[in-house]
Amino acid sequence: MSYEEKGASVHTLNATNIVAFLADIFERRGGEEYLGEPVTMAEHMLQGATLAESQGKSETLIVAALLHDIGHFTSEFGTFSMDDTQDRYHEEAGAKILEEFFPPLVTDCVRYHVAAKRYLCATNPEYFNELSQASVHSLNLQGGAMSEAEVMEFEKQPNLIDIVAVRYLDDAGKSATMHTPGFSHFAPMVQRVVDQHCAG
Ligand code: FE
């Protein structure tokens, strides 16, 4: 029986069931298409996390990569479905659900991964050329490259380096051939990050 069937909702989440809740989302919804990319949603997020782990990134950053698109499953969270005809602001939905349980580094990486794309398009000419077609399409919906003023504002982000790192992992996690471990491989790590945050 899934979490949804058991009647779990945002209101019943706590530090001891959040990881199972997230695992359940990967399990039930992870097979969904990542629009225009050759990977499913779960493969995409698992690829980002696996790359982060192989690069020796911190557990917090690996978890940020793993969860960066969790907001795409907005129906799990109940409230973000009214304006689906355009940008669904999945980054904000994802950050909202996570912020009670995860440190700001994780939620900032989730919240600003779309802004980071707009930032990199404005500051790194090679970056735009390497974006996938689907990512160029969504860039247009998301407001295109940042203006100079937006760039200056964005550079004030205390977690800028990590936000940009997760963005690169996001872009790299779109391989049709890369194999990754499943969510269960990362679950103990996700729990450690939650425990550390909730104990603090
Ligand atoms: Fe993504």
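Me: What is the order of the elements from the N terminus on?
Reply: In this predicted model, the elements of the chain run α-α-α-α-α-α-α-α-α-α-α from the N terminus. The chain has 11 helices and zero strands.

Me: How much of the chain do buried residues make up?
Reply: The chain has 200 residues, and 49% of them are buried.

Me: Why is Arg29 called buried?
Reply: Its relative accessibility is 16%. Buried means under 20%, so Arg29 counts as buried. Arg29 belongs to helix 1, residues 18–29.

Me: What makes the link between the side chains of Arg29 and Glu32 a polar contact?
Reply: The two side chains are joined at 2.4 Å. A polar contact is a pair of N or O atoms within 3.5 Å, one able to donate a hydrogen and the other to accept it. The value of 2.4 Å for Arg29 and Glu32 is within that limit.

Me: Why is Ala15 called partly exposed?
Reply: Ala15 has a relative accessible area of 22%. Partly exposed is the range between the buried limit of 20% and the exposed limit of 50%, so Ala15 is partly exposed at 22%. Ala15 sits in the segment before helix 1.

Me: Which residues coordinate the iron ion?
Reply: The iron ion is coordinated by His44 through NE2, His68 through NE2, Asp69 through OD and Asp170 through OD, at 2.1 to 2.4 Å. Along the chain these donors follow the spacing H-x23-H-D-x100-D. His44 in helix 2 (residues 41–54) and Asp170 in helix 10 (residues 160–172) are 126 residues apart, and this pair links distant parts of the chain. Both His44 and Asp170 are buried.

Me: What makes the site of the iron ion irregular?
Reply: The angles among its four donor atoms are 79 to 170 degrees.

Me: Why are helix 4 and helix 5 called roughly antiparallel?
Reply: The axes of helix 4 (residues 90–98) and helix 5 (residues 104–111) cross at roughly 165 degrees and come within 8 Å. With the limit set at over 145 degrees, helix 4 and helix 5 are therefore roughly antiparallel. Helix 4 and helix 5 have a right-handed crossing.

Me: What makes Phe128 partly exposed?
Reply: Phe128, in helix 7 (residues 125–130), has a relative accessible area of 35%. This lies between 20% and 50%, so Phe128 is partly exposed.

Key
Residues numbered from 1 in each chain as written. Predicted model: local features only at pLDDT ≥ 70, side-chain atom pairs only at ≥ 80, totals over all residues. Heavy atoms only, no water. Helix = DSSP H or I, 4+ residues; strand = E, 2+ residues; numbered from the N terminus. Buried < 20%, exposed > 50% of the residue type's maximum accessible area, 1.4 Å probe, protein only. Donors = N, O, S within 2.8 Å, 3.2 Å for Na, K, Ca; no water. Tetrahedral: all angles 85-135°; square planar, octahedral: opposite > 155°, others 65-115°. Axes fitted to C-alpha atoms, helices over the stretch in contact; angles between N-to-C directions. Parallel < 35°, antiparallel > 145°, perpendicular 65-115°, else oblique. Left-handed = near helix turned anticlockwise from the far one by under 90°.
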